[in-house]
Amino acid sequence: MKKLKGIIFVFIASLFFTGCGEKEVLESVQELEGQKYQITNKETNNVLLELTDNRKILLELYPDIAPITVKNFKKLVKEDFYDNLIFHRVVKDFVIQAGDGTAQGRSASTIKGEFEKNGVKNDLKHERGVISMARTSVDKNSASSQFFIMLEDNASLDGDYAAFGRVLKGLETVDSIGKVMVDKNDKPLKDITIKSVEFVRLNNE
């Protein structure tokens, strides 16, 4: 009887603490290239990157492949870290890169590089549309906030950088950014600004 009471107490307590958690708030259903989604205040494995000109890129994150990298990226999204930053580096037929606006700063902390040359298995190839973490050339554990999206396949990056997701929708927007005019430092002559990066819940009905 005591054992049964204990089970009942644990069950009721779990309901109580679950109920005390933050309630999910979903915005109205939107659509990007046939994919319906809703912006949510809860962490998910999909994020929507929206530019100030209203163009959008929907990303899918892979925590099973790069758990440390995805956790760090989600933390920055939750903190609104990427809001109002620019794509500060664009290299035609290679990558578009964002994450700090100056190409010199970084977020509060660095993370372990999740790639083969740093002793971590990561089978996600640097193919067109894949998102990966930028880092310094001398420190394998220097990734922080900067990320890049592949414009074309480039196997030379495999095993050397932490790929952690890919573009689900909005690849045309990525391509258009990759074609802008840049200066000698690969910085776009006209700012391409990220309005927001938010978690979304996909609606597959």
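Q35 lies in strand 2 (residues 35-39). Strands here are DSSP runs of E with at least two residues, and helices are DSSP runs of H or I with at least four residues, both numbered from the N terminus. Q35 has a relative accessible area of 12%, so it is buried. Buried means under 20% relative accessible area, exposed means over 50%, and partly exposed lies in between (1.4 Å probe, protein chains only). Leaving aside neighbours within four places in sequence, Q35 is in contact with Q30, L58, K169, L202, N203 and N204. Contact means heavy atoms within 4.5 Å. Q35 and N204 are 169 residues apart along the chain, yet their C-alpha atoms are separated by 7.5 Å.

This is a predicted model, in which local features need pLDDT of at least 70, side-chain atom pairs count only at pLDDT 80 or more, and totals for chains, interfaces and linings use all residues. Residues are numbered from 1 along each chain as its sequence is written, and side-chain values use heavy atoms, with hydrogens and water left out.

**The whole chain**

The chain has 3 helices and 10 strands. Along the sequence they follow the pattern α-β-β-β-β-α-β-β-β-β-β-α-β. Of its 205 residues, 44% count as buried. Take the contacts with a separation of 6 or more: residues 24 or more positions apart account for 69% of them. The chain exposes about 11600 Å², and carbon and sulfur atoms supply 52% of that area. Such areas come from the Shrake-Rupley method with a 1.4 Å probe; for residues, only the protein chains shown count as cover.

In what order do the 10 strands form the open sheet? The order is 1-2-10-3-4-9-7-8-6-5, and the pairing is antiparallel. Strand 1 (30-32) and strand 5 (87-91) stand at the edges. Each has a single partner strand, so one side of each is left without a neighbour in the sheet. The twist averages 35 degrees from one strand to the next. Two strands pair if DSSP finds at least two bridges between them.

| Strand pair | Bridges | Residues opposite each other |
|---|---|---|
| Strand 3 (residues 46-51) and strand 4 (residues 56-61) | 5 bridges | N46 and E60 |
| Strand 6 (residues 95-98) and strand 8 | 4 bridges | V95 and M150 |

**Helix 2**

Helix 2 (residues 67-78) packs on the sheet. This helix touches strand 3, strand 4, strand 7 (130-133), strand 8 (147-150), strand 9 (163-169) and strand 10 (194-203). The direction of helix 2 makes about 115 degrees with that of strand 10. Axes are lines fitted to C-alpha atoms, for helices over the stretch in contact, and angles run from 0 to 180 degrees between N-to-C directions.

Which residues of helix 2 are buried? They are T69, V70, N72, F73, K74, L76 and V77. The buried residues of helix 2 pack against strand 3, strand 4, strand 7, strand 8, strand 9 and strand 10.

The length of helix 2 can be checked. At 1.5 Å a residue, its 12 residues should span 16 Å, and its end C-alpha atoms are 16 Å apart, which agrees. The expected span is 1.5 Å times one less than the number of residues.

Most residues other than glycine have a negative phi. D80 lies in the loop between helix 2 and strand 5. With a relative accessible area of 46%, D80 is partly exposed.

E33 is not a glycine either, and it has a positive phi of about 50 degrees. E33 is found in the loop between strand 1 and strand 2. At 46% relative accessibility, E33 counts as partly exposed.

**T173 in helix 3**

T173 has its place in helix 3 (residues 171-177). Is T173 buried or exposed? T173 counts as buried, because its relative accessibility is 10%. Not counting residues up to four places away in sequence, T173 touches L51, R55, K56 and I57. T173 and K56 are 117 residues apart in sequence, but 7.1 Å apart in space, C-alpha to C-alpha.
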